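Please find my notes on this entry below. They are set out as numbered points, to be read alongside the model.

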Amino acid sequence: MGIVRGTDLLVNAVASSMEEHVRFGGVIPEIASRAHLNEFVPTLESALTTAGVTLDEIDAIAVTSGPGLSGALMVGVAAAKALAMASGKPLYAINHLVAHVGVAVLDGGKLPENLGALLVSGGHTEILQVNSLSDDVRLLGATIDDAAGEAYDKVARLLGLGYPGGPVIDKIAREGDPKAIRFPRGLTLPKFVGSAENPGKHRHDFSFSGLKTAVARCVEQYQLRGEEVPVADIAASFQEAVVDVITSKAVRACQEHGLTDLLLGGGVAANTRLRELLAARCASAGITLRVPPRSLCTDNGAMVAALGAQLVSAGVKPTGLKFSTDSGQPVSLISLVA
Ligand code: KG4
Ligand code: ZN
């Protein structure tokens, strides 16, 4: 839950259910929804106290209507509707992905003109073109199966490294050889990529499920032979495959769409190798890379409030109370129109 004034962040209160997810080795939708329900009122109260404002002083309320896990979305939307109704404040039902981009205004004010965004987390892997935060965001590419963070989590499980997989693979990969095993780079064959003049169907898209299967087969081979699994080499080689495809596709999408600035967001933005390779490839392509602080990259309430505030100041009409969640909400729907 976040409270912002214009582009100033007053509070970003995160009620995380990570401990429970760690216990169960992943995000269980039912547990995530229950945590939302439990935490809403206490988090609201402490956010107002920390920000030093009363509910009365709030001008508008914004909530994520999608995309995402429908149970968690429903809890958030129901709570926000109740709050809007009880307080008589306008309510905006906004897009989670666009909110990941909108958070950047808290980290430096106005967004650059030719902006692209690369969102990489446990739930998404997307490249966006951001013409206007309030009315023109386009999806250039997305994963057709697993999200990148999800691949990290699944591979970590295969390697017996626990949940969440990203941070531990990031760490252990430093001790391994990224060239030890050549894992497949999803959707990089000419039939998917095509050319700039004649783009293939998946030119800017990602796929990580084949990579995950390749890692599983590789681990099995060692086990069948009764050999010790070279965990660090596999982790490093897997990570290199993920990061190589993500960075090369993001840079290509920027170049082909005239995007001079790229914003990185999502939990995987914390990854050391992703940051390093993306910074290097953006620099050689003349693209300015922006990476907000980690607390604003991972899912948070401030990003929703930040986008809400942008919509209010752009004069976008509030959604009102007659809307539902949309777990597949397209990125072009920045806020719902009632
Ligand atoms: O944005 P986020 O906190 O939550 C959502 O998924 O929406 O992202 C969590 C994901 C997890 O899959 C986790 O494994 C991954 O981000 N992650 C990382 C790193 N830190 C977190 N992946 C790679 N390297 C990291 N250092
Ligand atoms: Zn997210």
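**Notes on the predicted model**

1. Leu 91 is buried, at 1% relative accessibility. This leucine belongs to strand S4, residues 91–95. The model is predicted, and that applies to every point here. Pro 318 is 227 residues away from Leu 91 in sequence, yet their C-alpha atoms are 5.6 Å apart. Beyond its neighbours within four places in sequence, Leu 91 contacts Ile 61, Ala 62, Val 63, Ala 80, Lys 81 and Ala 84 on one stretch of numbering, and Pro 318, Thr 319, Gly 320, Leu 321 and Phe 323 on another.

2. Which residues hold the zinc ion (ligand 2)? The protein donors are His 96, His 100 and His 124, each through NE2, and Asp 299 through OD. They lie 2.1 to 2.6 Å from the ion. The spacing in sequence reads H-x3-H-x23-H-x174-D. His 100 sits in helix H4 (residues 96–102) and Asp 299 in the loop between helix H11 (294–297) and helix H12 (301–313), so this pair ties together parts 199 residues apart in sequence.

3. The geometry of the zinc site deserves a look. The angles among the four donor atoms run from 88 to 163°, and the site is irregular. A tetrahedral label would need all angles between 85 and 135 degrees. For four tetrahedral donors the ideal angle is 109.5 degrees.

4. Asp 299 counts as partly exposed, at 45%.

5. Leu 311 lies in helix H12. Its relative accessibility is 0%, so Leu 311 counts as buried. Setting aside neighbours within four places in sequence, its contacts are Tyr 92, Ile 94, Leu 133, Ser 134, Val 316, Ile 334 and Ser 335. Ala 147 is 164 residues from Leu 311 along the chain, and their C-alpha atoms are separated by 28 Å.

6. Now the helix pairs. Helix H9 (residues 231–256) and helix H10 (residues 272–285) have axes that come within 9 Å and cross at roughly 30°. H9 is therefore roughly parallel to H10. The crossing is right-handed. On the H9 side the contacting residues include Val 243, Ile 246, Thr 247 and Val 251. Those on the H10 side include Leu 274, Leu 277, Leu 278 and Cys 282.

7. Helix H5 (residues 148–158) packs with helix H8 (residues 209–224) at an angle of about 10°, their axes 10 Å apart. This makes H5 roughly parallel to H8. Lys 154, Val 155 and Leu 158 of H5 meet Lys 212, Val 215, Ala 216 and Val 219 of H8.

8. What covers the buried residues of H5? The cover includes strand S5 (115–120), strand S6 (125–132), helix H6 (165–173), H8 and H9. The buried residues in H5 are Ala 148, Gly 149, Ala 151, Tyr 152, Asp 153, Val 155 and Ala 156. Just after this helix, Gly 160 has a positive phi of about 70°.

9. His 204 lies in the loop between helix H7 (190–193) and H8. At 8% relative accessibility, this histidine counts as buried. Not counting residues up to four places away in sequence, His 204 touches Ile 127, Leu 140, Gly 141, Ala 142, Lys 249, Arg 252, Ala 253, Glu 256 and His 257.

10. Ser 33 is placed in helix H2, residues 29–51. It is buried, with 13% relative accessibility. Apart from residues up to four places away in sequence, Ser 33 touches Gly 71, Ala 72 and Val 75.

11. Please check the backbone at two proline positions. A cis peptide bond joins Gly 66 and Pro 67, with omega about -10°. Pro 67 is in the loop between strand S3 (61–66) and helix H3 (70–87). The bond from Tyr 163 to Pro 164 is also cis, and its omega is near -5°. Pro 164 belongs to the loop between H5 and H6.

12. Leu 187 is found in the loop between H6 and H7. With a relative accessible area of 9%, Leu 187 is buried.

Note on methods
Residues are numbered from 1 along each chain as its sequence is written. Chains are lettered from A and ligands numbered from 1 in the order in which they are written. This is a predicted model: local features need pLDDT of at least 70, side-chain atom pairs count only at pLDDT 80 or more; totals for chains, interfaces and linings use all residues. Side-chain values use heavy atoms; hydrogens and water are left out. Donors are N, O and S atoms within 2.8 Å of the metal (3.2 Å for Na, K and Ca); water is not among the atoms, so sites may look incomplete. Four donors count as tetrahedral if all angles lie between 85 and 135 degrees; four count as square planar and six as octahedral if opposite donors are over 155 degrees apart and all others between 65 and 115; anything else is irregular. Helices (H or I, at least four residues) and strands (E, at least two) are DSSP runs, numbered from the N terminus. Buried means under 20% relative accessible area, exposed over 50%, partly exposed in between (1.4 Å probe, protein chains only). Axes are lines fitted to C-alpha atoms, for helices over the stretch in contact, and angles run from 0 to 180 degrees between N-to-C directions. Angles under 35 degrees count as roughly parallel, over 145 as roughly antiparallel, 65 to 115 as roughly perpendicular and the rest as oblique. A crossing is left-handed if the near helix is turned anticlockwise from the far one by less than a right angle, and right-handed if clockwise. Contact means heavy atoms within 4.5 Å.
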